[in-house]
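Subject: Structure for you to look at

Hello,

Here is the structure I promised to pass on. Please open it beside this email and follow along.

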Amino acid sequence: MTEGGRAGQRGRLQSTGFRTKGNPMNDDVLLSISDLSVEYDVDPPVQAVQHVSLELHRGEVLGLAGESGCGKTTLAYAVQRLLKPPAVITSGITILHDTDGDVLINDLNADQMRAFRWDKASMVFQGAMNALNPVSNIGKQLADVFTTHRPGMNKADIRKECCELLDIVGVGADRIRSFPHELSGGMRQRVMIAMALALKPTLMIMDEPTTALDVLVQREILTQITELRHKFGFSVIFITHDLPLLLEISDRIAIMRHGRIIETDTARNIYFHPQQDYTKRLLSSFPSLTGDRSEFSYGTAGLDNDNLDSKGGSANERTA
Ligand SMILES: Nc1ncnc2c1ncn2[C@@H]1O[C@H](COP(=O)(O)OP(=O)(O)OP(=O)(O)O)[C@@H](O)[C@H]1O
């Protein structure tokens, strides 16, 4: 999209507050990221995300894969507007095509952004479980999400919702009075997933949500998340460097390198017909796609010791 085109679109979106009527041609698309760039304004500057365009479909799990430092987390934080200085969004727009109108995320003010997070788009990251308040039981912390975002809800309904959520994520309603230190890491992370699900957002961004956990617990939680998205109908952007894991749980996968998306395709095509040499190397750097993932020693693949150009791909690369 040209600068002029973008400016025109922005104007239209702003003219009706932060929503416009959804584009009927775009009904299947929940999130559009167009030409998004993020720079860390340090010396020398780091171009962490470079002109990324991506579409996320309704009900889809989109995996975002790439080596450490390629920009995955920066991209996720930019979508949620969680970046702090020295990070600067230097270009691009992100639109959530909500059922009752488009939300131009870039233009939300602080209050609108607070309402948007959790309600429309929630995020679970690797260390999320450590964000639980140690001196408050998990029921109270879950209830806080409702009292903050749904002030009209009565106590009995909130309690019922909290119990249901704890059951759904496999913690069990009987743990509602437990304090975080009484729960395992996996259980605490499930509580965070329950919080992220609480307001039934249309988008969940998960950034290495289970990486710190035991492989079996990881698998159990991930299976649950993919089942839940069918039940609740939300879309997921799932971030990890663990490509075999993404192949199992994603509908489509975007491969990121040096801040750019170099290839996007169905999980099946990424596995059977990868187009980019980098994707092929990323796939082959895992000792066995059916074996024990823990054998893979992250960071030793040496994927970047190659002759590819700095933009990470050949001319015929497929981008989203
Ligand atoms: N606060 C910061 N200041 C300067 N540079 C930063 C900052 N945060 C991240 N970067 C740089 O931005 C680039 C992208 O980092 P980012 O954390 O988004 O990558 P990532 O793919 O999520 O990595 P990982 O898988 O290790 O989390 C890296 O080169 C990183 O060093």
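Which element supplies the largest share of the shell around the ligand? Helix 2 does, with three residues. Helices (H or I, at least four residues) and strands (E, at least two) are DSSP runs, numbered from the N terminus.

Two notes on the source come before the rest. This is a predicted model, in which local features need pLDDT of at least 70 and side-chain atom pairs count only at pLDDT 80 or more, while totals for chains, interfaces and linings use all residues. Residues are numbered from 1 along each chain as its sequence is written, and side-chain values use heavy atoms, with hydrogens and water left out.

The ligand

The ligand has 13 residues around it, and S68, G69, K72, T73 and T74 come nearest. A residue counts as near if one of its heavy atoms lies within 4 Å of the molecule or strand in question. Helix 2 (72–79) and strand 3 (46–57) each give at least two residues to this shell. Sorted by class, the shell holds six nonpolar, five polar and two charged residues. Here Ala, Val, Leu, Ile, Met, Phe, Trp, Tyr, Cys and Pro count as nonpolar, Asp, Glu, Lys and Arg as charged, and the others, Gly among them, as polar.

Backbone atoms also reach the ligand. For G69, a backbone N or O atom is 2.8 Å from an oxygen atom of the ligand; for T73 the distance from such an atom to a ligand oxygen is 2.8 Å, and for G71 it is 3.0 Å. The protein covers 62% of the 640 Å² of accessible area that the ligand has on its own. Accessible areas come from the Shrake-Rupley method with a 1.4 Å probe, and for residues only the protein chains shown count as cover.

Six strands form an open sheet in the order 7-8-9-4-10-11, with mixed pairing. Two strands pair if DSSP finds at least two bridges between them. Strand 7 (121–125) and strand 11 (260–266) are the edge strands, each pairing on one side only. From one strand to the next, the twist averages 15 degrees.

Strand 4 (residues 61–65) pairs with strand 10 (residues 252–257) in the parallel sense over four bridges, and A65 stands opposite I255 in strand 10. Helix 6 (residues 185–197) packs on the sheet and touches strand 7 and strand 8 (203–207); contact means heavy atoms within 4.5 Å. The direction of helix 6 makes about 170 degrees with that of strand 7. Axes are lines fitted to C-alpha atoms, for helices over the stretch in contact, and angles run from 0 to 180 degrees between N-to-C directions.

The hairpin and some backbone details

Strand 2 (residues 29–40) and strand 3 form a hairpin with five residues between them. These two strands pair in the antiparallel sense over eight bridges, with V29 opposite H57 in strand 3. P44 sits in the loop between strand 2 and strand 3, and the peptide bond from D43 to P44 is cis, with omega near -5 degrees.

Another cis peptide bond joins P85 and P86, with omega about 10 degrees. P86 lies in the loop between helix 2 and strand 5 (87–98). In strand 3 there is also H51, which has a positive phi of about 50 degrees although it is not a glycine.

Regards

Methods:
A polar contact is a pair of N or O atoms within 3.5 Å; within protein, one must be able to donate a hydrogen and the other to accept it, and residues adjacent in sequence count only if both atoms are side-chain atoms.
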